[in-house]
Structure formats: C-alpha cells, structure tokens
Amino acid sequence: MSGNFADEDTAECPLCMEPFGLDDLNFYPCVCRYQICRFCWHRIRTDENGLCPHCREPYSENPAEYTPLTQEQIVKLKSEKRQKSHEKKQKVVENKKSLGAVRYAHAINSVIHLHVPNLHGG
C-alpha cells in the first residue's frame, strides 16, 4: 500500500465538492497530479473543454495515474470509515447527554411561563 491516497472522509473533489469515493482515491487524471473525481473528469472531457482546471493541459484518453485499490486496502479503508463513524456517533450521544440538563431546565422554564397566566385566573 503506497499510503499516498487521500483520506476518504475529509478529501473531496474541488469541483463538485463531493467526498472522494474509493474509486477516486488513487485517481490523478493529469500529470500535474491535480486530483478530481472520475465523474468530473469524464464531464470535463465529454461536455466541456477537456482541459485540466489546474494546469490547463488537455486531458488524455487515459488518466495520467490511476492505481486501483487492492481488496485489502478497500477493507481497511471501510473499517476505518466505520470506526470514525462510530466515534462521531459516540460524540453526538455524549454531547446530547451533557445538554440534557440544559434542555430540561429550558423546558421547565417554558412550561412555568406558559402556566403562570392560568394560575392567576387569566
């Protein structure tokens, strides 16, 4: 494993702003190594001017550099993604627990405020 592919969770295509998929991680369509997703590369080549948005050189028929991930790399990346997702969910749960008292106090204040006029006969 070369280790130079982008982190799937943080890396995104600079054109469409979508996160890079597994098939985009080692995909560099131009010799300048400006990385975009395969969808945008195809769109530029077929529907637009066919030039690299970074260096303005024409894209060739085949990408300058593309090394498909091995099955082992895919399994490792998916496992890391699941772990990060789990950690993120845990943080959300912890944050909700710490905010529970604040929301409860706010709810009590709202309920008291709403019921005060009824106590005075209004």
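**Entry 1**

I looked up Glu80 and found it partly exposed at 34% relative accessibility. For accessibility I used a 1.4 Å probe on protein chains only, with buried meaning under 20% relative accessible area, exposed over 50%, and partly exposed in between. I am working with a predicted model, where local features need pLDDT of at least 70, side-chain atom pairs count only at pLDDT 80 or more, and totals for chains, interfaces and linings use all residues. Residues are numbered from 1 along each chain as its sequence is written, and side-chain values use heavy atoms, with hydrogens and water left out.

Which side chain does Glu80 meet in a salt bridge? I found Lys76, at 3.9 Å from N to O. I count a salt bridge when a side-chain nitrogen of Lys or Arg is within 4 Å of a carboxyl oxygen of Asp or Glu. Lys76 is partly exposed too, with a relative accessible area of 40%. Both residues sit in helix α2 (residues 71–119), four residues apart, so about one helical turn separates them. My helices (H or I, at least four residues) and strands (E, at least two) are DSSP runs, numbered from the N terminus.

**Entry 1: other salt bridges**

I get four salt bridges by this rule. Asp23 and Arg38 form one of them, with the closest N and O atoms 3.5 Å apart. Asp23 lies in the segment before β1 and Arg38 in helix α1, so this pair ties together parts that are 15 residues apart in sequence. I noted both ends as partly exposed: Asp23 at 35% relative accessibility, Arg38 with a relative accessible area of 33%.

I also looked up Glu48 and Arg43. Their side chains meet in a salt bridge at 2.3 Å, N to O. Glu48 is partly exposed, with a relative accessible area of 45%. Arg43 is partly exposed as well, at 26%.

Which residues of helix α1 (residues 38–47) are buried? I list Cys40, Trp41 and Ile44. They cover an arc of only 105 degrees around the axis, which puts them on the same side of α1. I took the arc from the directions that run from the helix axis to the C-beta atoms. For background, an α-helix has 3.6 residues a turn, so residues three or four places apart point the same way.

The buried residues of α1 pack against β1 (27–28). I took contact as heavy atoms within 4.5 Å. On the face turned away from the buried side I found the exposed residues Phe39 and Asp47.

**Entry 2: cysteines**

How many disulfides does a search of the whole structure find? I got zero. I required a pair of cysteine sulfur atoms within 2.5 Å. Cys13 is in no disulfide, and its nearest cysteine sulfur, that of Cys40, is 3.7 Å away. Cys13 is buried, with a relative accessible area of 0%. Cys32 is in no disulfide either; the nearest cysteine sulfur belongs to Cys52, 3.7 Å away. Cys32 is partly exposed, at 29%.

**Entry 3: Arg56**

I found Arg56 in the loop between α1 and β2 (65–66). Arg56 is partly exposed, with a relative accessible area of 45%. Leaving out residues up to four places away in sequence, Arg56 touches Asn49 and Leu51. I also checked Arg56 against Cys32. The two are 24 residues apart in sequence and 9.8 Å apart in space, C-alpha to C-alpha.
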